[in-house]
Amino acid sequence: MVKLTIPTYKKKIFSIDLPSDGFSSSLHKCHIFYIDVKWLNTNEIKLDANVRKPEETKATKAMESTISNPAKQARFWAYNGGLIIVTKKVKINKSKGVIEIDLPKEYGLMNGGHTQFSIKRSLKAVAPTNTLVRVEVVEGEFTDEELADIAEARNTSKDLKDMSLAWKKKKFVRLQSKMLKEYSDKIAWTTGELLPSEKAMDADKFIFLLMMLNVIHNPIGKPPKATSTAGPFDRRSEEHTSELQSQYFRSRMPS
């Protein structure tokens, strides 16, 4: 469990109860406030709730340029969409103007990973003045499926790959458990996965190969028809993919 204590700009926090219809639990709230970006110099919001890891893009370069420019850095709050955090529990100290949040596994920065990435990179070179970023904290209990659905809807700056959503929904866990770690580590299971070793292929291509090699669904003399790696994710339900993976490995296990 990670706990964060965040000081808010001018000790102002707007909080509201939200409808919980359609979710597995009730009592959801939203808290909105602004913080000085320099808080991220010594703190970091974990990315467990996100569907992809941040990397350098045109957008991150633009953010860094704004923060580094004395004439523009105070406008950052208006230029940027901010940080969206999903948390299980919130405690607010109004007199001190701080908000305390609990971030268990799978909770954390839902959207704004590239914003945090850009801010932290910028702070290595400059100490911006009066530079604020908007923070939205969504409080409540969510299932893994609900967290993935929210992350998909919230991440709009770049098209999400289906494999990233499948990874977030833990759809690859069974497949990974059947693989030797040295091979599993060679697969990029989510978009923008940042690890030291170079990946051999993306997860969607790997699933594509499994489908092509499945002798139960593709008997000899009847080759599969596919023109892209996107097809397996678009055409197959997750239950079918899990069944396919299980059959593939079972057919190759020694008797």
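This is a predicted model: local features need pLDDT of at least 70, side-chain atom pairs count only at pLDDT 80 or more; totals for chains, interfaces and linings use all residues.
In what order do the 3 strands of the open sheet stand, and is their pairing parallel or antiparallel? The order is β1-β6-β5, and the pairing is antiparallel. Residues are numbered from 1 along each chain as its sequence is written, and side-chain values use heavy atoms, with hydrogens and water left out.

**The protein as a whole**

The secondary structure comes to 10 helices and 10 strands; these are DSSP runs numbered from the N terminus (helices: H or I, at least four residues; strands: E, at least two). Of the 255 residues, 43% are buried. Here buried means under 20% relative accessible area, exposed means over 50%, and partly exposed lies in between (1.4 Å probe, protein chains only). The accessible surface is about 14,400 Å², and carbon and sulfur atoms hold 54% of that area; the areas come from the Shrake-Rupley method with a 1.4 Å probe, and for residues only the protein chains shown count as cover. Taking contacts (heavy atoms within 4.5 Å) between residues at least 6 apart in sequence, 75% join residues at least 24 apart.

Two strands count as paired if DSSP finds at least two bridges between them. Strand β6 (residues 98-103) pairs with β1 over 6 bridges and with β5 over 5 bridges. E100 is a handy residue to look up in β6: E100 is the bridge partner of T5 and also of K91. The hairpin of β5 and β6 has 4 residues between the strands, and there G97 takes a positive phi near 70°.

**Salt bridges**

Side chains of opposite charge can pair when their charged atoms come close. With a salt bridge taken as a side-chain nitrogen of Lys or Arg within 4 Å of a carboxyl oxygen of Asp or Glu, the whole structure has 8 of them.

| Pair | N to O distance |
|---|---|
| D102 and K3 | 2.8 Å |
| R134 and E136 | 3.5 Å |
| K181 and D185 | 2.7 Å |

What does the D102 and K3 pair tie together? D102 lies in strand β6 and K3 in strand β1, so the pair links parts that are 99 residues apart in sequence. D102 is buried at 14% relative accessibility, whereas K3 is exposed at 60%. In the next pair, R134 is partly exposed at 21% and E136 is buried at 8%. In the last pair, K181 is exposed at 62% and D185 is partly exposed at 33%. Elsewhere, a network of salt bridges links E56, K61, E64 and R121.

**A nonpolar patch**

Finally, F14, I16 and L18 make a nonpolar surface patch of about 260 Å². Patches consist of residues with over 30% relative accessible area and no salt bridge, where like charges are joined within 9 Å and nonpolar side chains (Val, Leu, Ile, Met, Phe, Trp, Tyr) within 5 Å. F14 belongs to strand β2 (residues 14-18).
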